[in-house]
Amino acid sequence: MTAVQRIREVISGLFMFIGALLLLTDPEYGYLLVVYLLAFILLTMGIRKLYYYFTMARYMVDGKESLYIGVILFDFGALTGSLTDIPKFYVLFYLIGIHAFSGLVEVLRAREARLQGASSWKFKLIHGMVDLLMAIICIMFINEGSIAVLIYAIGLIYSAVLKIISAFRKTRFVYIQ
Amino acid sequence: MQEDFHYYATYAAAILAGYTHKESLDIAYSAQFVDLCSKTLLSKIKAPQKAATTQLQLEMMDARTDMVGLQDITRIWASFHFLPKDLYAEKAKRPKGYMRKYRLICGPNGELVKKTVELAKGRTLQHAGIAMHVLADTWAHSYFAGTPSLVINNTNDEFYELITIDGKETERKIKFRHNPGADDDLDKSLYTNSIYQGSEDSIMNLGHGRAGHLPDYSFAKYSYLPAWDDYNAMIKDNPSDYRKAFCQMIRALRFLRGDIEAFETDEYDYELIAPHEERIMQIITKRQLIASADWRAFGEELSGDTVDDFDINRYQDEYMAVENKDDSFLGKFINGAILHKGMVCRQIFESGNMLAGYVGEEKGTADR
């Protein structure tokens with residue numbers, strides 16, 4: 001990791017940490033914030049995908065797939081942002097999906113790292129286990145809407161801490177300075 | 001290409017070009033070492049990491065695909081495994097961002113191959129080995145780019161193997177799976193490839209990952225639709241390409257030995273393989289996962305000497321022990337790798353393409 005990459009990791013980690021604290025101090029307001037954040041993320045992803053289609057993917061074989069995905073994401077984002085009262089149930093489903101997938105990927109990466117003899121496998125395994133644990137907690141409290149904000153905030157804090165730690169870790173793969 | 005061609009076939013090419021057994025072994029070892037000289041290995045022997053010529057699977061998984069990370073990946077893969085054919089290629093009505101990637105598509109007989117061979121002239125055998133790896137890969141890895149790119153390197157399932165049975169060429173649909181642990185099943189045309197990733201810069205979209213190991217098999221002849229070629233079917237004829245690669249290696253090595261005045265692209269030493277043509281084509285067209293044993297036997301017949309197994313650790317202790325690193329085997333390899341990488345990256349930078357990063361004029365290395 002270069003010095004610029006390290007600084008960027010620390011700054012983004014600090015922003016995530018501040019965001020999580022804001023969510024925890026006012027859960028009701030925080031819940032709305034999570035929903036709007038979700039809408040914003042989906043809209044941004046949709047716009048990025050559409051931009052990608054018009055500048056790059058339209059010239060490739062089967063590139064129309066990017067156009068369809070962009071339209072669908074944009075549509076979901078617009079719909080999410082326009083709803084005043086989304087059942088909290090759906091937000092929890094989203095969180096379950098995110099944490100379960102990230103956790104599984106991280107556990108698989110830990111397994112490969114161990115097979116290759118890399119010392120980073122323990123760090124990756126713990127990361128993956130925590131993500132899977134978050135997904136399990138979401139399932140356990142699927143009917144408790146207020147839990148969504150709490151879990152989202154804990155997830156943010158956890159990711160923020162990891163980002164900051166990884167920025168200061170000595171990496172094996174030193175990029176050309 | 002794999003160890004069979006980069007080590008054993010390169011050894012045979014060096015013998016045919018007139019090198020001694022010992023010199024040929026050094027060239028072949030260096031050619032194969034390009035596939036193994038990762039930052040992890042260099043870190044282990046306390047060597048400069050900017051000499052890395054490859055990335056381990058784990059390194060690639062951890063590599064970031066932001067601009068800095070992409071430049072690092074491109075410096076390695078475009079320089080050593082996917083040498084761009086034409087840095088100034090044109091394609092109508094395409095935006096700059098697209099063209100930056102399009103111009104990194106690998107192919108044989110480009111200006112950079114000539115520069116690669118010329119750079120190795122008058123230098124070490126290790127440098128000659130590096131040049132042979134790069135040259136050979138321009139044939140095997142044609143039509144793919146050494147930078148992560150969905151719009152260039154993606155493929156769909158329109159893949160057909162062209163197999164000759166009883167003198168008649170027939171098409172057989174190729175099936176792909178995503179199990180890196182499983183061997184390719186040649187009888188059923190079942191191959192492993194990388195998973196489709198819709199993100200332009202995903203590491204899954206680097207090089208020929210989406211086509212699996214098909215470009216690495218000398219026997220394979222297949223048709224497919226490259227992402228960048230407007231739905232035109234491409235026929236990749238590896239037996240023909242590998243034969244040309246072998247003959248061009250001999251030509252380049254003869255130039256490096258001083259037997260011929262200049263190295264020009266699209267010239268091949270067919271006459272030197274003529275007495276062995278049938279044998280070579282037998283090896284190239286034989287359907288097998290790796291042709292090391294056949295190439296080794298051929299090389300040993302040519303030289304009358306024994307070709308040692310490739311051992312990644314062979315020169316590491318020497319490098320760590322010696323005071324003047326430049327005199328060691330790996331020291332010479334490292335210097336060659338840095339020089340070559342610097343030359344290629346500078347050419348990419350001077351073409352107005354920032355995908356390999358900024359390269360300083362004086363140093364001539366890929367330092368940022």
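**Close-up views of a predicted model**

**View 1. Helix α7 of chain B and its cover.** The buried residues of α7(B) are covered by elements that include α8 (125-140), α10 and α15 (329-350) of chain B. This is a predicted model. Helix α7 spans residues 111-120 of chain B, and its buried residues are B:Leu112, B:Val113, B:Thr116, B:Val117 and B:Ala120. They lie on the same side of α7(B), because they cover an arc of only 135° around the axis. In an α-helix, residues three or four places apart point the same way, because there are 3.6 residues a turn. B:Gly122 follows α7(B) and has a positive phi, near 75°.

**View 2. The four-stranded sheet of chain B.** The strands of this open sheet are ordered β2-β1-β5-β6 (chain B), and their pairing is antiparallel. From one strand to the next, the twist averages 30°. Helix α10 (residues 238-257) of chain B packs on the sheet and touches β5 and β6 of chain B. The direction of α10 makes about 50° with that of β6(B).

**View 3. Bridge partners around strand β5 of chain B.** Strand β5 covers residues 221-224 of chain B and runs antiparallel to β6(B), with four bridges joining the two. B:Tyr224 has B:Met234 in β6(B) as its bridge partner. B:Tyr222 faces two strands: B:Lys236 stands opposite this tyrosine in β6(B), and B:Glu161 has B:Tyr222 as its bridge partner in β5(B). Two bridges pair β1 (residues 160-165) of chain B with β5(B), again in the antiparallel sense.

**View 4. The largest nonpolar core.** This core holds 113 residues. B:Ala13, B:Met249, B:Ala252 and B:Leu253 touch the most other members. Helix α1 (residues 3-17) of chain B gives the largest share, 11 residues. The core lies between domain 1 (3-149 + 244-356) and domain 2 (153-236) of chain B, because both give residues to it. Leaving out residues up to four places away in sequence, B:Leu253 touches B:Ala13, B:Ala14, B:Ala17, B:Tyr19 and B:Ala128. In soluble globular proteins, nonpolar side chains tend to be buried together.

**View 5. A second, separate core.** This core has 19 residues. Among them are A:Val34, A:Leu38, A:Met134 and A:Cys138.

**View 6. B:Ala51, a buried loop residue.** B:Ala51 sits in the loop between α3 (39-44) and α4 (57-62) of chain B. B:Ala51 counts as buried because it has 23 C-beta neighbours inside 10 Å, and the cut-off is 20 or more. Setting aside neighbours within four places in sequence, B:Ala51 contacts B:Cys37, B:Leu42, B:Ile334, B:Ala337 and B:Ile338. B:Ala262 is 211 residues away along the chain, and its C-alpha atom is separated from that of B:Ala51 by 28 Å.

**View 7. Two loop residues with positive phi.** Most residues other than glycine have a negative phi. B:Lys93 has a positive phi, near 60°. Its place is the loop between α5 (67-80) and α6 (96-102) of chain B. B:Lys93 is exposed, with 6 other C-beta atoms within 10 Å. B:Asp166 also has a positive phi, near 55°. B:Asp166 is found in the loop between β1 and β2 of chain B. With 5 other C-beta atoms within 10 Å, B:Asp166 is exposed.

Key
Residues are numbered from 1 along each chain as its sequence is written. Chains are lettered from A and ligands numbered from 1 in the order in which they are written. This is a predicted model: local features need pLDDT of at least 70, side-chain atom pairs count only at pLDDT 80 or more; totals for chains, interfaces and linings use all residues. Two strands pair if DSSP finds at least two bridges between them. Axes are lines fitted to C-alpha atoms, for helices over the stretch in contact, and angles run from 0 to 180 degrees between N-to-C directions. Two residues are in contact if their C-beta atoms, placed from the backbone, lie within 7 Å. A nonpolar core is a set of buried Ala, Val, Leu, Ile, Met, Phe, Trp, Tyr and Cys residues joined through C-beta atoms within 7 Å. A residue is buried if 20 or more other C-beta atoms lie within 10 Å of its own, exposed if 12 or fewer, and partly exposed in between; C-beta atoms are placed from the backbone. Domain bounds come from an automatic or database domain assignment. The arc is that of the directions from the helix axis to the C-beta atoms.
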